[in-house]
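Visitor: I'm new to this and would like to learn how to read a protein structure. Could you walk me through a few features?

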Amino acid sequence: MKRIVLFIATNLAVMVVLSIVLSLLGIGRPGSGSTLQLGSLLAFSLVVGFTGAIFSLLISKPMAKWSTGARVIDNPSNSTELWLVNTVKALSERAGIGMPQVAVYPGEPNAFATGAFKNSALVAVSTGLLESMNRDEVEAVLGHEVAHIANGDMVTMTLIQGVTNTFVVFLARIVGFFVDNMLNKNEERRGPGIGYMITVFVCEIVFGLLASLIVAWFSRQREFRADAGSAKLLGSTVPMQHALARLNGVEPGALPQSFAASGITGGGGWGALFSTHPPFEQRIAALRAVQ
């Protein structure tokens with residue numbers, strides 16, 4: 001969760017800064033008067049939209065290590081670290097990807113995988129996860145993260161983020177252009193006025209929030225796929241079910257017989273629509289359905 005939020009935040013920061021700098025240089029303005037230069041505006045939007053997303057992807061590994069304090073296991077110092085490295089190696093071979101870096105970081109039970117390329121990724125687990133789960137459950141979580149890498153989820157996330165960024169930048173400036181023309185239709189101007197600037201700023205916030213719904217929806221779908229990928233790598237859905245139940249605070253040996261899996265409910269309300277991960281109950285239910 002923290003890794004995805006950091007990716008989105010970095011992407012948005014780069015997009016906003018680049019957008020402001022280029023606008024101050026006079027690049028990317030939709031036109032003057034009644035002329036709307038859609039071609040140049042679209043090119044500007046593509047550059048701004050994808051630059052932030054690609055930059056976020058390329059720095060995802062060092063940023064993840066820095067933000068979590070992850071320590072890469074170069075030489076295992078104990079039996080647990082040796083088991084982690086060997087397990088990730090075996091799972092990676094089954095998934096057909098190169099051996100990722102393996103790291104451990106301090107914190108509550110969690111894990112993540114990141115990196116721009118399938119054959120040079122990073123898989124990290126928290127000390128809390130290692131302390132609270134048995135090895136079958138940890139292996140299932142590792143399988144989930146390896147599946148993310150094998151599925152190319154970070155690259156796909158980058159493409160989706162880039163496309164949504166492009167539409168946000170493009171549509172915000174079109175709306176700003178028309179609003180500015182309406183406010184100044186009787187005046188002769190050489191460039192956009194204050195109405196354009198304010199409208200673009202507001203629209204980028206509003207459209208950005210709407211775009212984040214799309215990104216969050218995709219992120220939730222990829223979690224289901226990674227759960228299924230872990231089950232495929234391990235040959236059973238049970239370890240992943242147990243791992244998810246453990247993370248949800250439910251005893252794995254006493255899993256409920258059914259789970260509510262209708263719609264995106266999460267914790268309820270609008271907040272669930274912005275969540276990057278589905279509720280544990282829905283994920284377990286999805287795994288139980290394929291047994």
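**Reading a buried spot and a surface patch**

Guide: Let's start with His148, which counts as buried at 5% relative accessibility. Keep in mind that this is a predicted model.

Visitor: Why does 5% make His148 buried?

Guide: Buried means under 20% relative accessible area, so His148, at 5%, gets that label.

Visitor: Where is His148, and what does it touch beyond its neighbours within four places in sequence?

Guide: His148 is in helix 6. Leaving those neighbours aside, His148 is in contact with Asp153, Arg222, Glu223 and Ala226.

Visitor: Which side chain does the side chain of His144 make a polar contact with?

Guide: That of His148, at 3.1 Å. His144 also has its place in helix 6, which covers residues 135-150, and His144 is buried too, with a relative accessible area of 4%. Not counting residues up to four places away in sequence, His144 touches several residues, including Glu223 and Asp227.

Visitor: What does UniProt say about His144, His148 and Glu223?

Guide: An unreviewed UniProt entry places the feature "binding site" at these three. They span 80 residues in sequence, yet no two of their C-alpha atoms are more than 8.3 Å apart, so they gather at one spot.

Visitor: Now for the surface. Is Val202 buried or partly exposed?

Guide: Val202 counts as partly exposed, because its relative accessibility is 41%. You'll find Val202 in helix 8, residues 194-234.

Visitor: What kind of patch is Val202 part of?

Guide: A nonpolar one on the surface, whose members include Val202, Phe201, Ile205 and Phe274. Together, the residues of the patch have about 960 Å² of accessible area.

How values were computed: Residues are numbered from 1 along each chain as its sequence is written. This is a predicted model: local features need pLDDT of at least 70, side-chain atom pairs count only at pLDDT 80 or more; totals for chains, interfaces and linings use all residues. Side-chain values use heavy atoms; hydrogens and water are left out. Patches are made of residues with over 30% relative accessible area and no salt bridge: like charges are joined within 9 Å, nonpolar side chains (Val, Leu, Ile, Met, Phe, Trp, Tyr) within 5 Å. Accessible areas come from the Shrake-Rupley method with a 1.4 Å probe; for residues, only the protein chains shown count as cover. A salt bridge is a side-chain nitrogen of Lys or Arg within 4 Å of a carboxyl oxygen of Asp or Glu. Helices (H or I, at least four residues) and strands (E, at least two) are DSSP runs, numbered from the N terminus. Buried means under 20% relative accessible area, exposed over 50%, partly exposed in between (1.4 Å probe, protein chains only). A polar contact is a pair of N or O atoms within 3.5 Å; within protein, one must be able to donate a hydrogen and the other to accept it, and residues adjacent in sequence count only if both atoms are side-chain atoms. Contact means heavy atoms within 4.5 Å. UniProt positions are given in the numbering used here, feature names are shortened, and annotations may be inferred rather than shown by experiment.
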